[in-house]
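The sequence and the structure are shown first.

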Amino acid sequence: MKKLLLVFILAFSHFSLAQTAKEIIDKNIELSGGLTNWKLLNSVLLQGKVILGIKDEYPIKIYQQRPNLTKTVLTINNKDTAIEGYDGVKGYAMNYATNKLQEYADYKPESFDNDFIDWENKGFEAKYVGKEKVGNIYCYKVELIKNVNRNIYYFDSKTYMLLREIKKDETLDYSDYKKVGNLVMPFRIESSSPKKDGDYLMLLNKIEINKVFPSNIFKF
């Protein structure tokens with residue numbers, strides 16, 4: 001009887017945690033604009049500046065369009081320079097050893113939507129793994145698991161906005177949330193990694209959504 005009771009408690013506990021993770025994700029989506037509005041998002045243009053290291057600062061534009069088209073452009077010496085992107089067929093990135101844009105056969109573009117939009121249909125398992133502070137803010141920690149991939153998300157326990165995302169080789173911190181149309185988006189994104197070679201701080205001053213881009217904008 002005790003064994004049966006223990007099994008029941010463990011099973012119910014697992015169910016409760018899974019439900020809690022789902023509720024946290026659902027709340028984030030709801031308060032940041034709602035699932036319908038996120039699915040109606042077809043393109044984004046991010047504009048601002050990126051700070052690399054201590055002093056290197058450049059104006060930046062990032063074009064993104066469904067399903068996975070992307071292009072990042074830096075203004076260097078008053079000249080717009082594409083440094084990375086995916087045109088729907090091929091991926092490109094700047095080879096800083098040769099200072100030339102190079103095609104990469106194994107380039108894997110990121111999904112236009114973040115992982116927790118339709119996470120269940122994408123085959124992820126969600127787990128609530130407790131509360132932890134990001135700075136002075138208590139956050140709900142949710143882990144999304146798919147095969148060997150495990151990402152951890154930190155949601156502000158009061159606003160439910162995403163404050164931190166931990167990937168295999170990168171940690172992203174999000175802040176300075178503002179309303180863009182019907183959506184709420186971060187205007188400050190900071191990336192750090194164990195190697196420290198790709199760390200950056202992006203400060204956005206403008207985000208445009210559902211903008212119609214020229215047909216050749218993603219060409220390299």
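This is a predicted model: local features need pLDDT of at least 70, side-chain atom pairs count only at pLDDT 80 or more; totals for chains, interfaces and linings use all residues.

A pair of aromatic rings is described by the distance of the centres and the angle of the planes. With centres within 6.5 Å as the criterion, the model has nine aromatic pairs. One of them joins Phe116 and Tyr153, with 5.1 Å between the centres and 80 degrees between the planes. That pair is edge-to-face because the angle is over 60 degrees. Phe116 belongs to the loop between strand 6 (100-104) and strand 7 (125-134), while Tyr153 belongs to strand 9 (residues 149-156), so the pair ties together parts that are 37 residues apart in sequence. Both Phe116 and Tyr153 are buried. Elsewhere, one aromatic cluster is made up of Tyr63, Phe213 and Phe218.

The remaining residue is Thr75, in strand 3 (residues 69-76). Is Thr75 buried, partly exposed or exposed? Its relative accessibility is 23%, so Thr75 counts as partly exposed; the cut-off for buried is under 20%. Leaving aside residues up to four places away in sequence, Thr75 touches Tyr58, Pro59 and Asp80. With Asp80, the side chain of Thr75 makes a polar contact of 2.8 Å. Lys49 is 26 residues from Thr75 in sequence, and their C-alpha atoms are 9.4 Å apart.

Terms used
Residues are numbered from 1 along each chain as its sequence is written. Side-chain values use heavy atoms; hydrogens and water are left out. Rings of Phe, Tyr and Trp (its six-membered ring) pair if their centres lie within 6.5 Å; planes under 30 degrees apart count as stacked, over 60 as edge-to-face and the rest as tilted. Helices (H or I, at least four residues) and strands (E, at least two) are DSSP runs, numbered from the N terminus. Buried means under 20% relative accessible area, exposed over 50%, partly exposed in between (1.4 Å probe, protein chains only). Contact means heavy atoms within 4.5 Å. A polar contact is a pair of N or O atoms within 3.5 Å; within protein, one must be able to donate a hydrogen and the other to accept it, and residues adjacent in sequence count only if both atoms are side-chain atoms.
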